[in-house]
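Here are my notes for your review. Please read them with the sequence and the structure open.

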Amino acid sequence: MALQLSRSEALFAASREVIPGGVNSPVRAFRSVGGTPPFIARGEGPYLYDVDGNRYIDYCLSWGPLILGHAHPEVVAAVQEAAARGTSFGAPTELELEMARTLIQFYPGLEMVRMVNSGTEATMSAIRVARAATGRPLVVKFIGCYHGHHDSMLVSAGSGSIDLGVPDSPGVPAAAARTTLALPYNNLEAVREAFARHGESIAAVIVEPVAGNMGLVLPKPGFLEGLREITRQYGALLIFDEVLTGFRLPGGSAAACFGIDPDLVTLGKVLGGGLPVGAYGGKRRYMELVAPAGPVYQAGTLSGNPLAMAAGLAQLRVLQRPETYPTLEARTRRLVQGLNEVLERRGLPYRARCLGSLWGLFFTTEEVVDYDTARTADTRLYAKFFHGMLRRGVYLAPSQFETGFMSLAHTEAEIDATVAAAEAALAEL
Ligand code: KE4
């Protein structure tokens with residue numbers, strides 16, 4: 001059966017006339033899976049509804065933020081109440097103090113935090129602080145990891161550009177790319193070698209402690225500990241980019257989950273409840289370098305705005321309830337177990353995996369530990385599976401190189417329906 005997407009097709013054609021590629025973020029255009037992206041009319045709980053009346057169980061969840069599902073009543077009410085008091089003041093509010101205190105309480109070792117409006121801004125600012133704190137120019141990142149689209153991070157970036165086949169985007173000056181060392185993920189030898197050669201010039205290592213932008217790739221045992229040890233040894237800062245993992249891993253963060261104490265951390269997505277938000281923070285001695293406390297300049301008209309703070313605080317309040325994480329993790333495990341039983345039953349050699357409320361399924365028999373092994377995945381097969389699921393009312397990430405998410409709104413009924421859809425979709429491969 002084919003999906004009826006006529007209104008989405010018309011809107012997509014019209015949008016391509018006035019918006020690059022018809023979308024406001026590349027991965028939404030379905031380039032790597034093909035077909036027309038459904039234009040969404042509304043979301044409710046675990047569901048998306050498109051403009052043609054199709055309903056989907058959503059595992060993309062706006063790329064992570066909607067950990068409580070769409071239009072959670074407490075989040076919606078918080079935004080409505082905040083909006084009625086004014087949408088932005090460009091002046092300090094008590095909500096921002098409450099958010100800062102909440103993040104410091106949530107994230108082990110976090111001492112001070114600054115709100116911004118996106119994950120990109122968060123990582124860009126954290127890197128600036130690290131360069132200021134050390135007086136050094138270079139930054140180490142890992143191939144396949146994505147830290148937003150600022151110049152020095154668009155060097156073998158993961159999310160989006162892997163699909164677009166443009167590891168180094170045009171428009172990024174060579175000088176900017178030259179300040180970034182892009183190393184293979186999970187490869188401590190490469191990190192040691194880079195530091196042996198450039199150690200005195202390296203300001204920081206920035207890492208997705210669990211990688212989510214080349215598909216879900218877990219850190220090998222000892223990898224994060226090794227990064228902590230090497231950066232300490234050379235006086236470089238360790239930056240955990242937890243924009244995607246924040247609030248989604250066991251214990252609420254990679255820092256808690258793996259017991260690592262980064263110098264700086266970037267957050268976003270979940271902490272804004274679906275509104276534009278980012279945050280960077282870390283040890284007081286570094287964050288007190290940030291203007292106006294210190295000389296490192298960073299600013300933002302809408303940073304810490306009351307709507308994002310209200311939405312984020314409402315969401316974080318629900319996350320702090322004792323039953324939330326056990327439920328989220330049990331639902332994610334149920335989905336992965338169900339998918340693996342189907343894959344086994346059909347004699348397919350692929351396996352899904354999960355950590356916290358993140359999950360992933362690679363169409364490769366290789367053990368995926370980095371960008372190169374992730375690239376062995378059969379993207380054609382993924383695209384067929386993706387559309388087989390979409391036709392059956394399940395909306396996955398439209399790329400093999402992204403991560404699946406879970407929300408508190410997904411009940412066992414949705415999960416079992418998803419597994420049934422997978423059985424039928426896999427039978428078609
Ligand atoms: P934003 O600037 O898109 O808010 O955040 C950038 C970012 C930074 N760090 C990590 C670990 C991230 O995952 C992201 C953004 N994630 C992608 C999806 N994996 C956003 C989706 C999109 O680009 O549309």
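1. In which strand does Leu 267 lie? Leu 267 sits in strand β9, residues 264-268. The model is predicted, so local features are taken up here only at pLDDT of at least 70. Leu 267 counts as buried, because its relative accessibility is 2% and the cut-off for buried is under 20%. Between Leu 267 and Arg 375 there are 108 residues in sequence and 27 Å in space, C-alpha to C-alpha.

2. The ligand shell comes next.

3. For Ser 25, a side-chain N or O atom is 2.6 Å from a ligand oxygen. For Asp 241, a side-chain N or O atom is 2.7 Å from a ligand nitrogen. For Lys 269, a polar side-chain atom is 3.1 Å from a ligand nitrogen. On its own the ligand has 540 Å² of accessible area, and the protein covers 86% of that.

4. Helix α4 spans residues 119-134. At the start of α4, a side-chain oxygen of Ser 118 comes within 3.4 Å of the backbone nitrogen of Thr 120. The buried residues of α4 include Gly 119, Thr 120, Glu 121 and Ala 122. Further along, Ile 127, Val 129 and Ala 130 are among the buried residues too. Gly 135 follows α4 and has a positive phi, near 70°.

5. Helix α12 covers residues 324-345. Its 22 residues reach 32 Å from first C-alpha to last, close to the expected 32 Å. Gly 347 follows α12, again with a positive phi near 70°.

6. Phe 30 has a phi of about 65°. Its place is the loop between α1 (6-18) and β1 (40-44). Ala 71 has a phi of about 50°. Ala 71 is in the loop between β3 (55-58) and α2 (73-84). Is each buried or partly exposed? Phe 30 is buried, at a relative accessible area of 1%. Ala 71 is partly exposed, at 48% relative accessibility.

7. Please look at the peptide bond between Ala 291 and Pro 292. It is cis, with omega about 0°. Pro 292 is in the loop between α10 and α11 (306-319).

8. Lys 283 is a buried charge to inspect: its relative accessible area is 7%, and Lys counts as charged. The residue is in the loop between β10 (278-282) and α10 (284-287). Which residue's side chain does Lys 283 join in a polar contact of 2.7 Å? The partner is Asp 261.

Key:
Residues numbered from 1 in each chain as written. Predicted model: local features only at pLDDT ≥ 70, side-chain atom pairs only at ≥ 80, totals over all residues. Heavy atoms only, no water. Polar contact = N/O pair within 3.5 Å; in protein donor to acceptor, adjacent residues only side chain to side chain. Areas by Shrake-Rupley, 256 points an atom, 1.4 Å probe, with all protein chains shown as cover. Helix = DSSP H or I, 4+ residues; strand = E, 2+ residues; numbered from the N terminus. Expected span 1.5 Å × (residues − 1). Buried < 20%, exposed > 50% of the residue type's maximum accessible area, 1.4 Å probe, protein only.
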